[in-house]
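Let's take a walk through this model together, one spot at a time. Have a look at the fold before reading on.

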Amino acid sequence: MTADSLADRWRSARPPAAGLHLDSAACSRQSFAAMDAAAKHALHEAEVGGYVAAEAAAPVLDAGRAAVATLCGMPDAAVVFTTGSLHALDLLLGAWPTDRRTLACLPGEYGPNLAVMAAHGFEVRTLPTLDDGRLALDDAALQLDEDPPDLVHLTPLASHRGVVQPLAMVAKLCRQLGVPLVVDAAQALGHIDCAVGADATYSSSRKWLAGPRGVGVLAVRPELMDRLTPRLPAPAWATGLSVAQQLGFGEANAAARVGFSVAVGEHLACGPEAIRARLAHLGNVARTLLADLDGWAVVEEDEEPSAITTLAPVDGADPEAVRAWLVAERRIVTTYAGVARAPHELSAPVLRISPHVDTTADDLEGFAEALIAATAATGS
């Protein structure tokens, strides 16, 4: 599939955008098929009852789980639906063995993730990085070998910058050292190659996979799943529930899970490799166009293989005010990223754009022009 045909296929599968959507790292636009599947399930619930409808939807949900396991390179994993990435991490760390709670992660770890780690009593150690925030692999290998933690938690693509971490090499290193690897793939799944066979991978529906909001997944290898004890374990009288079933127990929006399963299927049908290549190309185009704009500095290198472009303000530019102006005046959706997203690495707010595969070079040129106007209009 050519880049143009992929873009056309992605665009035609969705309602026309009411403006320019450059915010897929926050929430992508759903397809007609995903929305229709969720709506039809909700209708079925009204016709036959929620539990009967859920039983009928089991094959679709099973296919969604299998597709997620494939994208994560974990064909034998148990995949649990959650309400989102943070919920998935909460479930996992809450079930982790209580006597093994040391964790190594990057300095740029997502702020809410750090809060979940602290809430579950994990001692957090910082892995060494290069100047751009990328893991210093050799130094990290030495550190992990000398004093191995109980797990490595890696966010291969962060919320506040588009630098791609060496996920495959970290996975190989952790296997060699016998240290479990947990991957936060909220920004990575459907964006970069995550099929590295980590011990656990979790992600959300609404970002690059373009599913509904309020859905996430947690994929865990059997060897690790057997070591987990759910924070709310099944009582003695509720026999026969696996650990995965206990982690996934509770009320759920089944219609959204059906929509997500359809969205993952669409992603696989379009071709994950073609999508990754297109996203990397768009990131390169955007960073080239924006490299010399007054008032802003592009954080990533031109050839970084991600679609995310982060713009750091210089000379007083205000990312929050600029984002608001772009929405109100030009109907262009971007992301304002505050320091709380990465409190140990981000020193000032930034503006982030994240085009999906249907974005064109003309769209990005239009954004560059609008950014100049927004910077001037907000007094930055």
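Start at His191, which sits in the loop between β6 (181-184) and β7 (200-204); strands here are DSSP runs of E, at least two residues, and helices are runs of H or I, at least four residues, numbered from the N terminus. Keep in mind that this is a predicted model, where local features need pLDDT of at least 70, side-chain atom pairs count only at pLDDT 80 or more, and totals for chains, interfaces and linings use all residues. Residues are numbered from 1 along each chain as its sequence is written, and side-chain values use heavy atoms, with hydrogens and water left out.

Is His191 buried or exposed? With a relative accessible area of 1%, His191 is buried (under 20%; over 50% is exposed and in between is partly exposed, using a 1.4 Å probe and protein chains only). Setting aside neighbours within four places in sequence, His191 is in contact (heavy atoms within 4.5 Å) with Leu157, Trp208, Arg276, Leu279, Ser306, Ala307 and Ile308. A polar atom of the His191 side chain also lies 3.2 Å from the backbone oxygen of Gln187.

For contrast, hop over to Asp99, in the loop between α5 (85-95) and β3 (102-105). Asp99 counts as exposed, because its relative accessibility is 63%.

Terms used
Polar contact = N/O pair within 3.5 Å; in protein donor to acceptor, adjacent residues only side chain to side chain.
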